[in-house]
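Subject: Structure handover

Hello,

Here is the structure for you to look over. Please open it first, then read my notes below.

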Amino acid sequence: SQSPVTGTRVVSFVSFAGGSGKTTLACEIASLIAARAKITNVSGTQSNVRVLLLDANRFAPAVGIRLGLTGSALVEASSPVRWAYPSVLEAYVRPTSWGVDVAVAPPHPSTAGIVDYGATKEDIEWDAHLAEEFLSAARRAGYQLVVIDHGPLLEKANVDMLQKSDVVFG
């Protein structure tokens, strides 16, 4: 007999080319699993798999738009001020009507001034420490699946999350 899958699984989508379908696949797979996949709890009851989708494209995030988040929810989800504490998921994770919760990586410093996120003077270091805090917080929050849509630029946090992924589509 097969043992049940426990813990949090991480799935990454990566490509160095724009328009390759990363965001479409990440959104569709996350939505499909959130809508249809069930997990059997220790008590024998079933519940939907909890799915968290991270848009890790710091130049052109599109996951939130694809899943219907409002402009204000998108700004909150990617706010550098909120991301300063990545272990506090409720500060920046936003639910969608598709049953998928969304986080949007803080914008790359080169995009400063395009949108006012209320950022502090310090840039958020998109590094391995932040990636580990984010993934640990997702585990503690009870997400069974974290789907990551990586952008074309792989920074330290992206590399760390790719190394911690159970499955990488590229």
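The notes go from the whole chain to the sheet, then to one strand and the salt bridges.

This is a predicted model: local features need pLDDT of at least 70, side-chain atom pairs count only at pLDDT 80 or more, and totals for chains, interfaces and linings use all residues. Residues are numbered from 1 along each chain as its sequence is written, and side-chain values use heavy atoms, with hydrogens and water left out.

**Whole chain**

The chain has six helices and eight strands. Helices here are DSSP runs of H or I with at least four residues, strands are runs of E with at least two, and both are numbered from the N terminus. Starting at the N terminus, the order is β-α-β-β-β-α-α-α-β-β-α-β-α-β.

Of the 170 residues, 44% count as buried. Buried means under 20% relative accessible area, exposed means over 50%, and partly exposed is in between (1.4 Å probe, protein chains only).

Contact means heavy atoms within 4.5 Å. Take the contacts between residues at least 6 apart in sequence: 73% of them join residues at least 24 apart.

**The sheet**

Six strands form an open, mixed sheet in the order β5-β6-β4-β7-β1-β8. Two strands pair if DSSP finds at least two bridges between them. The edges are β5 and β8 (167–169). Each has a single partner strand, so one side of each lacks a neighbour in the sheet. Helix α6 (residues 156–163) packs on the sheet and touches β1 (9–13), β4, β7 (145–150) and β8. The direction of α6 makes about 135 degrees with that of β7. Axes are lines fitted to C-alpha atoms, for helices over the stretch in contact, and angles run from 0 to 180 degrees between N-to-C directions.

**Strand β6**

Is β6 enclosed or open? Strand β6 covers residues 100–104, and five of the five are buried, so the strand is largely enclosed by the rest of the structure. Val-100, Val-102 and Val-104 point one way; Asp-101 and Ala-103 point the other.

β4 (residues 51–56) runs parallel to β6, and five bridges join them. Here Asp-55 stands opposite Val-104, and Leu-54 stands opposite Ala-103. β5 (residues 94–95) pairs with β6 in the antiparallel sense, over two bridges. Pro-95 stands opposite Asp-101 in that strand. The hairpin of β5 and β6 has four residues between the strands, and Gly-99 takes a positive phi near 85 degrees there.

**Asp-101**

Have a look at Asp-101 in β6. Asp-101 is buried, with a relative accessible area of 17%. A polar contact of 2.5 Å joins its side chain to that of Tyr-143. A polar contact is a pair of N or O atoms within 3.5 Å; within protein, one must be able to donate a hydrogen and the other to accept it, and residues adjacent in sequence count only if both atoms are side-chain atoms. Leaving aside residues up to four places away in sequence, Asp-101 touches several others, including Leu-52, Val-93 and Thr-96.

**Salt bridges**

How many salt bridges does the whole structure hold? The search finds seven. A salt bridge is a side-chain nitrogen of Lys or Arg within 4 Å of a carboxyl oxygen of Asp or Glu.

- Arg-50 and Asp-101 meet at 4.0 Å, N to O. Arg-50 lies in the loop between β3 (46–48) and β4 and Asp-101 in β6, so the pair ties together parts that are 51 residues apart in sequence. Arg-50 is partly exposed at 33% relative accessibility.
- Glu-28 pairs with Arg-66, with the closest N and O atoms 3.7 Å apart. Glu-28 is in helix α1 (residues 22–36) and Arg-66 in helix α2 (residues 63–66), 38 residues apart. Glu-28 is partly exposed at 46%, and Arg-66 is partly exposed at 38%.
- Arg-139 pairs with Glu-132 at 3.8 Å between the closest N and O atoms. Arg-139 is partly exposed at 39%, and Glu-132 is partly exposed at 28%.

Best wishes
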